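Please keep the sequence and the coordinates in view while reading.

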Amino acid sequence: MALNLSSKYLGFPMQQNSLIENINKVCLVDDDSEILESLERFFSLSGFEIKTFSSAIDYLEQLEENGDCLICDIAMEEMDGLELQRRLNKLQHLQPTIFITGHGTINMAVEAMKLGAFDFIQKPFNPELLLEKVLLAIESYRDRMKILSKYKTLTNREIGVFKCVTRGLSNKQISDELFMAGSTVEAHRSKVMKKMAAKSLPDLVKMSVELKL
């Protein structure tokens with residue numbers, strides 16, 4: 001029988017939420033079938049398209065089909081949520097992750113955030129809080145996709161300059177590393193800033209972090 005989220009995990013009855021105007025796809029990963037079923041029901045009633053996975057390995061095997069946000073338990077057999085996030089980082093997976101756990105510690109939360117998790121929520125949790133976090137995560141993901149779209153317009157040489165600039169290299173160092181004339185570096189640097197719509201170097205660095213470059 002499915003777990004009653006309203007009494008054990010969420011705090012009050014689930015209801016359809018009028019905040020959801022567009023269909024967004026949320027992926028749920030948990031090896032507890034009752035929790036998975038209850039979360040699936042809650043988000044379906046809130047207007048989301050839902051895809052569930054009973055393990056981190058199942059999620060990785062179907063990665064190309066995944067959606068706008070990942071909600072993932074941490075304490076799972078075979079592969080826990082933190083290890084899943086490490087592997088997603090290696091794959092430069094850009095979808096935001098919200099971790100949920102019933103046995104969280106400060107160290108666990110710190111590790112999750114260091115790995116790039118969007119948020120870390122302990123059970124039991126308020127459904128409106130979780131929904132709010134998911135909406136913020138999806139908004140963040142949409143912004144990240146806009147950055148990626150701009151990044152894909154860069155030429156290979158511009159990408160090289162982009163990566164060097166965001167590493168903090170000077171034009172002289174970039175010139176030496178990429179075997180370019182100083183004037184060529186400056187020209188590519190200007191094009192990168194324009195194509196990425198970056199207002200400043202810190203702005204460009206932030207974009208690099210968002211893209212996990």
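Contact here means heavy atoms within 4.5 Å. The model is a predicted one. With that cut-off, and leaving aside neighbours within four places in sequence, Asp 73 is in contact with Val 29, Asp 30, Asp 31, Gly 81, Phe 99, Ile 100, Thr 101 and Lys 123. Asp 73 belongs to strand 3. Its relative accessibility is 6%, and buried means under 20%, so Asp 73 counts as buried.

The whole chain gives the setting for this residue. Its secondary structure amounts to ten helices and five strands. Of its 213 residues, 46% count as buried. Among the contacts with a separation of 6 or more, 64% are between residues 24 or more positions apart.

Five of them form an open sheet in the order 2-1-3-4-5, and the pairing is parallel. Strand 2 (49–53) and strand 5 (119–122) are the edge strands; each has a single partner strand, so one side of each lacks a neighbour in the sheet. From one strand to the next, the twist averages 20 degrees.

Strand 1 (residues 25–29) and strand 3 (residues 69–73) are joined in the parallel sense by four bridges. Within this pairing, Leu 28 has Ile 71 as its bridge partner in strand 3, and Val 29 stands opposite Cys 72 of strand 3. Strand 3 and strand 4 also run parallel, joined by four bridges. Here Leu 70 has Thr 97 in strand 4 as its bridge partner.

How many residues of strand 3 are buried? The count is five of its five residues, and the strand is mostly covered. Cys 69, Ile 71 and Asp 73 point one way from the strand, while Leu 70 and Cys 72 point the other way, and all are buried. Burial in strand 3 therefore applies to residues pointing either way, as with Asp 73, which counts as buried at 6% relative accessibility.

Leu 28 gives a view from the neighbouring strand. This residue is part of strand 1 and counts as buried because its relative accessibility is 1%. Apart from residues up to four places away in sequence, Leu 28 touches Leu 36, Leu 39, Glu 40, Phe 43, Ile 50, Lys 51, Thr 52, Phe 53 and Ile 71. One of these, Glu 40, is twelve residues from Leu 28 along the chain, and the two C-alpha atoms are separated by 7.5 Å.

The next element to consider is helix 2. Helix 2 has 13 residues and spans 18 Å from first C-alpha to last, close to the 18 Å expected at 1.5 Å a residue. Its buried residues are Ile 35, Leu 36, Ser 38, Leu 39, Phe 42 and Phe 43. These residues cover an arc of only 170 degrees around the axis, which puts them on the same side of helix 2. An α-helix has 3.6 residues a turn, so residues three or four places apart point the same way.

Both ends of helix 2 can be described. After the helix comes Gly 47, with a positive phi near 95 degrees.

Helix 5 (residues 106–114) lies across strand 4 and strand 5, and runs at about 155 degrees to strand 5.

Helix 10 (residues 201–210) shows buried and exposed faces. Its buried residues are Leu 204, Met 207 and Ser 208. Seen down the axis, they fall within an arc of 100 degrees, so they line one face of helix 10. The face turned away from this buried side carries the exposed residues Pro 202, Lys 206 and Val 209. What do the buried residues of helix 10 pack against? They pack against helix 6 (127–151), helix 7 (156–166) and helix 9 (182–195). Helix 10 is followed by Lys 212, whose phi is positive, near 55 degrees.

How values were computed. Residues numbered from 1 in each chain as written. Predicted model: local features only at pLDDT ≥ 70, side-chain atom pairs only at ≥ 80, totals over all residues. Heavy atoms only, no water. Pairing = 2+ DSSP bridges. Helix = DSSP H or I, 4+ residues; strand = E, 2+ residues; numbered from the N terminus. Axes fitted to C-alpha atoms, helices over the stretch in contact; angles between N-to-C directions. Expected span 1.5 Å × (residues − 1). Buried < 20%, exposed > 50% of the residue type's maximum accessible area, 1.4 Å probe, protein only. Arc of directions from axis to C-beta.
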